Amino acid sequence: MTTETFEDTPGPADKSPNQVAPKSAPDASAKHRWGGEGVVLNVFSHGFLVVWALMVAVPLLWALWSSFKTSGDILSHPWSLPVHPHFDSWSRAWTKAHMGRYFINTVIVVGFSTFGTMLFGSMAAYVLARFEFFGNRFIYFLFVGGMAFPVVMVLVPLFFVTKNLGILNTLPGLILVYIAYSLPFTVFFMTSFFRTLPTSVAEAALVDGASHTRTFFQIMVPMAKPGIISIGIFNVLGQWNQYLLPLVLNQGNTDKWVLTQGLADLAVQQGYQGDWSGLFAGLSIAMLPVLAVYIFFQRQVQAGLTAGAVK
Amino acid sequence: MRHGKYRFIIGFLAVPVALYAVLVISPFIQDFQISLTDWSGLTPEKHYIGLDNYQKIIHNNLFWKALWHNVLMLLIVPLVTLALGLFFAFMLNVGGRRKGSASVAGVRGAGFYKIVYFFPQVLSVTVIAVLWEQIYNPDPDNGLLNNLLGDVGLTSLQQSWLGDPSIALACIMAVMVWSNVGFYVVLFSAGMASIPGEIYEAALLDGAGRFVTFFRVTLPLLRDTVATGWVYMGIIAMDGFALVQLMSVNNGGPNESTDVVPLLLYKTAFRDNSQYGMAAAIGVAMLIVTLLFAVLTLRLSRRERIEF
C-alpha cells in the first residue's frame with residue numbers, strides 16, 4: 001500500500017467536468033497564484049488522503065492477516081505479519097463455528113428476499129407511477145411514509161405478528177420481513193424511475209395487443225434495468241448486513257442463523273475460548289465476499305447506495 | 001380494456017400491499033395500542049393502564065440518559081462525518097495540481113481513494129463492531145491501538161477504551177464516523193463534479209484562492225446535498241443499536257455510559273421481565289424524537305434552490 005500504486009490508478013475524477021479545459025487561459029497572475037499554492041496544497045491534500053486511506057484499509061487488512069496467524073502470535077505480536085501462514089483457523093471457523101452454514105443461510109435469505117423485493121417493489125411502483133386510480137396517492141404515501149420511522153420502534157408487535165403467523169424463527173419468515181421492510185425505499189425509488197421512462201414504447205406494445213402484464217415484464221422491466229440494478233445492489237447490501245431483525249426474529253435454532261448473528265456469537269464465544277485466529281477467520285469470511293462484490297461492481301455499488309441521497 | 005386495467009392494477013398491488021400491511025403497518029399501529037397496556041412476560045393478559053407507561057418513562061433516569069447519548073451522537077457524529085466528507089471530497093476534486101490550463105484539478109488517484117474510503121460502507125455493522133472491539137482491546141500487548149501507542153512510546157495514552165465510562169461513548173462515536181465518512185466523500189464528490197467548471201473559473205479569475213472557493217462557491221452550491229446527508233446521518237445517529245450492543249461492555253455499559261434508546265427498548269422488551277408495554281411506549285417516544293429531528297432539519301435547511 002504505497003503511494004506509487006495510487007499514481008498508477010487513473011480515477012474517474014480525472015474525467016470530471018471540472019477539468020474541462022477552458023477556452024481562454026486564465027490571466028497570468030491568477031495562474032501564478034494557484035500554481036504556487038497548488039504544489040503545497042497537492043502535497044497537503046495527498047498527505048491527508050493517504051492517512052485516511054490507511055486508517056480505513058489497515059484495520060481491514062489487519063483482520064485478514066491475523067486470521068493466518070496462530071492465536072498465540074496474535075496475542076504477543078498483534079502487528080506482525082504472518083510469517084508461516086496457517087489456514088486451519090479458516091476451516092475451524094467454517095465448520096466448528098458453523099460460519100459455513102450461516103454463510104449459506106445468508107445467501108438463501110438475501111437471494112430470495114432481494115428477488116422478492118425487486119419483483120414486488122417494481123410491480124407496485126409501476127402501477128403507482130403509470131396508472132391513475134382511486135387510492136393511488138394514498139397507497140404511495142403509505143409506502144413512502146415507511147421510510148420515516150425506525151424499525152426498532154416496532155420490534156415488540158413485529159415479534160408477535162410473526163409468532164402468530166407461525167413464521168417466527170424460520171428463514172421464509174425472515175425473507176418476508178426483509179421484503180416488507182425493503183419495500184418503502186424500493187417503491188419510492190422505482191416509482192420515480194418509472195416516471196422518467198418514455199410512455200410511447202409501452203403504448204405501442206399495448207396497441208399491438210400485448211397485455212398489461214406482458215408489457216410490464218417484456219418492455220418496462222428491461223427498460224428500467226439501470227434502476228433495478230442500483231436498488232437491487234442497495235437491497236442486497238442492506239439485507240446481507242441486517243443485524244437487528246434476525247437478532248429478534250431468528251433467535252431460536254442456531255441452524256437457521258445468518259452470518260451477522262453467527263459473527264456476533266463468535267465474538268462472544270471467543271472471549272471464553274480465546275480462539276482469536278478463529279474469530280479473525282470468521283470476520284474475514286463475513287467481510288471478504290462483500291468487499292469482493294464491491295470491488296468488482298464498485299461503480300454500480302456507489303451509485304446504488306448514494307441513489308437515495310441524490311434523488 | 002377498462003376492466004382489464006383494474007384487474008391488472010389489483011393483481012400487481014395485492015401481494016406487496018398485503019405484505020406491507022401485515023408486517024409493517026399493522027405492527028406500527030399495534031405499537032401505540034400496546035404502549036397503553038401493562039403487558040409483560042409475567043402478565044399474559046393485557047390491561048389498559050392509560051398513559052402510565054409514558055409517565056414512568058418521563059421519570060426514568062435511564063431513559064433520559066440513553067436519550068442524551070442519542071442526542072450527543074446526533075449533534076457530534078453528523079457534524080464530524082460531514083465535515084470530514086466535505087474536506088476529503090474537496091481535496092479529491094479540487095486539491096490536485098493544475099495541469100495545463102485547467103482551472104481546477106482533482107488529485108491523481110482520486111478513484112482509488114474513493115474505492116478505499118467506501119469500504120466500511122459495504123460492511124455489516126457486525127463486522128465493524130467486532131473488528132473495532134479487537135482494535136480497542138484494553139490489553140497493552142494485545143489490542144491494536146494500545147499496542148501501537150506502546151510502540152511509538154505513548155504508553156501514557158494507553159486506555160481501557162471501552163471500559164472507561166468517560167470515553168467509551170466517544171470511542172463508539174469514532175467508529176460511527178469512521179464507517180460513514182466514505183459514503184459522504186462519494187456523495188459530495190458526485191455533487192462537486194456536477195458544479196460546472198466555469199463557476200470555478202470565474203472565481204479563479206476574480207482572484208479567489210482555494211479556501212475562499214470552497215466556502216463561497218462549493219459549499220453553498222452543495223447545500224441541498226449536505227442537508228440530505230445530515231438527515232441520513234441523523235437517522236444513523238438516532239439508532240446506534242448494533243454498534244453499542246456489540247461493542248459496549250455489558251450492553252450499554254460501563255455504568256450505562258453508552259446506553260442508547262433503541263438498546264434500552266430491546267432490553268426492556270426481551271430481558272428485564274419482558275415489559276412489552278413499556279418497550280412499546282419507548283418506541284413511540286423514539287418516533288416522536290425522530291420526527292422532531294426530521295422537521296427541524298427540514299425547517300433549517302429550507303432555502304431557495306440554486307439551479308445550474
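Colleague: Where does UniProt place the feature "transmembrane region" in chain A?

Modeller: The UniProt record, an unreviewed entry, puts it at residues 43-65, 102-126, 138-161, 173-194 and 276-297 of chain A. UniProt positions follow the numbering used here, feature names are shortened, and annotations may be inferred rather than shown by experiment. This is a predicted model: local features need pLDDT of at least 70, side-chain atom pairs count only at pLDDT 80 or more, and totals for chains, interfaces and linings use all residues. Residues are numbered from 1 along each chain as its sequence is written, while chains are lettered from A and ligands numbered from 1 in the order in which they are written.

Colleague: What is the helix content of residues 43-65 of chain A?

Modeller: Helices are DSSP runs of H or I, at least four residues, and strands are runs of E, at least two; both are numbered from the N terminus. Residues 43-65 of chain A are 100% helix and 0% strand, with end C-alpha atoms 31 Å apart. Residues 102-126 of chain A are also 100% helix and 0% strand. Their end C-alpha atoms lie 35 Å apart. Chain A as a whole has 15 helices and 0 strands.

Colleague: Which residues of chain B does the "transmembrane region" feature cover?

Modeller: UniProt, again in an unreviewed entry, lists residues 7-29, 71-94, 115-132, 167-187, 230-249 and 276-298 of chain B. Residues 7-29 of chain B are 100% helix, and their end C-alpha atoms are 29 Å apart. Residues 115-132 of chain B are 89% helix and 0% strand, with 21 Å between the end C-alpha atoms.

Colleague: At what angle do α9 and α10 of chain A pack?

Modeller: Axes are lines fitted to C-alpha atoms, for helices over the stretch in contact, and angles run from 0 to 180 degrees between N-to-C directions. Helix α9 (residues 200-207) and helix α10 (residues 212-223) of chain A pack at about 160 degrees, with axes 10 Å apart. So α9(A) is roughly antiparallel to α10(A). Angles under 35 degrees count as roughly parallel, over 145 as roughly antiparallel, 65 to 115 as roughly perpendicular and the rest as oblique. Contact needs C-beta atoms, placed from the backbone, within 7 Å. A:V201, A:A202, A:A205 and A:L206 in α9(A) meet A:T215, A:I219, A:M220 and A:M223 in α10(A).

Colleague: How do α4 and α7 of chain B cross?

Modeller: The axes of α4 (residues 110-122) and α7 (residues 168-193) of chain B come within 6 Å and cross at roughly 130 degrees. The two helices are therefore oblique to each other. Residues of α4(B) that meet α7(B) include B:Y117, B:F118 and B:P120.

Colleague: Is B:Y136 buried or exposed?

Modeller: A residue is buried if 20 or more other C-beta atoms lie within 10 Å of its own, exposed if 12 or fewer, and partly exposed in between. B:Y136 counts as buried because it has 22 C-beta neighbours inside 10 Å. B:Y136 lies in the loop between α5 (125-135) and α6 (144-151) of chain B. Beyond four places away in sequence, B:Y136 touches B:G143, B:L145, B:W161, B:L162 and B:C171.

Colleague: What is the phi of A:N169?

Modeller: Most residues other than glycine have a negative phi. A:N169 has a positive phi, near 60 degrees. A:N169 sits in the loop between α7 (155-164) and α8 (171-196) of chain A. With 16 other C-beta atoms within 10 Å, A:N169 is partly exposed.

Key. Contact = placed C-beta atoms within 7 Å.
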